[in-house]
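Work through the exercises below with the sequence and the model in view, and try each task before reading its solution.

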Amino acid sequence: MVEELVAAGVTLASAGVVYAMAAARVIKQYERGVVFRLGRLRPEVREPGFTMIVPFVDRLQKVNMQVVTMPVPAQEGITRDNVTVRVDAVVYFKVTGPAEAVVRVEDYRFAVAQMAQTSLRSIIGKSELDDLLSNREKLNQGLELMIDSPAVEWGVTIDRVEIKDVSLPETMKRSMARQAEADRERRARVINADAELQASRKLAEAAQQMADTPAALQLRLLQTVTAVAAEKNSTLVLPFPVELLRFLERAQQGVPAVPSPPPQEDRDRG
């Protein structure tokens, strides 16, 4: 009798261990557990840690709550200004409703990927090339809104969407390079013309100042001669200044004439 009781106890203990092993589950910190009991969803979501389910009756499905980084394959399209481009992007999203992510959509990752590709093609058709190249922040916000609207019903939240790269045809790249070169040349010519205008104004002012003060022209000439002579590697041809000739002419007109000596006859009479 005792042996039978011992055997029964051992059997019950073994059955209890087997039951505990079949019912025990461990949920990691970044996961949540969704339980289906006989095919029906249980309202409570199992938190991280150790949990128990009813073997052969309950089925526990774990849902990853981490942020998922999903690259969007390059999509080819025609912009609003009729330019063919290839654009690729990356989507950052996470699951906020584990039950909805399991029940309402078959595979939420695949659904988000397909929605991202469709939205990216739609954004390409609605945008111009300049917006794709320089105004990406606004396009990223529009793309995020287009993906997030249906994803909310799936228990998924879109954190961020980024357009990674815009590929252009080689002919378009050459055309843009020529356009940029022509624009830089135009700006260089405008700058040169503005510099010439400013220089001409300053030269006109300097000429007017020198015309009012002739001595300033002589001082400027002497400064130029000094600057050239400092190098000692060139031959200096100094023109004779016209102002000096005028000065000598005025000086000659101001000196009285010298009387000529009397003739020899007048000296003899004296």
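Two strands count as paired if DSSP finds at least two bridges between them, where strands (E, at least two residues) and helices (H or I, at least four) are DSSP runs numbered from the N terminus. This is a predicted model, in which local features need pLDDT of at least 70 and side-chain atom pairs count only at pLDDT 80 or more, while totals for chains, interfaces and linings use all residues. Residues are numbered from 1 along each chain as its sequence is written, and side-chain values use heavy atoms, with hydrogens and water left out.

**Exercise 1.** Describe how strands E6 and E7 are joined.

Solution. Begin with the ranges: E6 covers residues 68-78 and E7 covers residues 84-95, and the two pair in the antiparallel sense over 9 bridges. Next, take Thr69, whose bridge partner in E7 is Tyr92. Finally, look at the hairpin of these strands, where 5 residues lie between E6 and E7 and Asn82 takes a positive phi near 65°.

**Exercise 2.** What share of the contacts with a separation of 6 or more joins residues 24 or more positions apart?

Solution. Contact means heavy atoms within 4.5 Å, and the share in the protein chain is 65%.
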